[in-house]
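Please keep the sequence and the model side by side while reading.

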Amino acid sequence: MNSKTLYMTQAACIAALYVILTVITNALGLASGVIQVRFSEALCILPIFTPAAVPGLFVGCLIANLLTGCAPWDVVFGSLATLIGVYGTYLLRSHKRLAVLPPIISNTLIVPWVLHLVYQFEGSIIYFSATVFAGEFISIAVIGSLLRILLEKRGQAIPWHIR
């Protein structure tokens, strides 16, 4: 298979999966607000396996934020937080245990300001940082790490490597 075609296909599939998981999480009432545990954020470990995950997760987050009714500034800055985080994961891909940190950190630093300035939720930046950190930790460090381990054990059938 052509490497460009594989890259685009992987990015599109990852974006679609992110959107689907966010819509499901939103239906359960967990995708937005002060406390968020997006199942889709577990996919932020995928840049360990393929560089196509970086644009795929960014586009998936952008579309998911639009579909779930986020405010325009949330769509912009929430999606940028994901892009920054997953690019950091890609850069740390050889340090698999540390690779979960960039999306947790970027969301913990950016999303609380969106909650405070855009949605004007009651609470302090420190409180929002703690709740965002907790949700991201559950989604990425716990669920994402389990996904990484599963993919490492069972992922040989997936054409991750782009030449």
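This is a predicted model: local features need pLDDT of at least 70, side-chain atom pairs count only at pLDDT 80 or more; totals for chains, interfaces and linings use all residues.

A residue is called buried here when its relative accessible area is under 20%, and exposed when that value is over 50%.

In α2, the buried residues are Ala53, Val54, Gly56, Leu57, Gly60, Cys61, Ala64 and Asn65. These residues cover an arc of only 160° around the axis, and therefore they lie on the same side of α2. An α-helix has 3.6 residues a turn, so residues three or four places apart point the same way. The partners of this buried side are α1 (3-27) and α3 (72-91), against which the buried residues of α2 pack. As for the helix itself, α2 comprises 15 residues (residues 53-67), which at 1.5 Å a residue should span 21 Å, and the 20 Å between its end C-alpha atoms agrees with that expectation. Just after α2, Gly69 adopts a positive phi of about 80°.

How many disulfides does the structure hold? It holds zero, and Cys61 accordingly is in no disulfide, the nearest cysteine sulfur being that of Cys44, 7.9 Å away. Cys61 counts as buried because its relative accessibility is 2%. For Cys70, the closest cysteine sulfur is in Cys61, at 8.0 Å, which is too far for a bond, given that a disulfide requires two cysteine sulfur atoms within 2.5 Å. Cys70 is also buried, with a relative accessible area of 12%.

When its neighbours within four places in sequence are left aside, Asn107 is in contact with Glu41, Ala81, Thr82, Pro112, Val132 and Glu136.

Seen as a whole, the protein chain contains five helices and zero strands, following the pattern α-α-α-α-α along the sequence. For 163 residues, a compact globule would have a radius of gyration near 15 Å, and the 15 Å of the protein chain agrees with this, while the C-alpha trace spans about 50 × 30 × 25 Å along its principal axes. Of the 163 residues, 46% are buried. Among contacts with a separation of 6 or more, 67% are between residues 24 or more positions apart. The protein chain exposes about 8600 Å², of which carbon and sulfur atoms supply 72%.

How values were computed:
Residues are numbered from 1 along each chain as its sequence is written. Side-chain values use heavy atoms; hydrogens and water are left out. Buried means under 20% relative accessible area, exposed over 50%, partly exposed in between (1.4 Å probe, protein chains only). Helices (H or I, at least four residues) and strands (E, at least two) are DSSP runs, numbered from the N terminus. The expected span of a helix is 1.5 Å times one less than its number of residues. The arc is that of the directions from the helix axis to the C-beta atoms. Contact means heavy atoms within 4.5 Å. The radius of gyration is taken over C-alpha atoms; the globule rule is 2.2 Å times the number of residues to the power 0.38. Accessible areas come from the Shrake-Rupley method with a 1.4 Å probe; for residues, only the protein chains shown count as cover.
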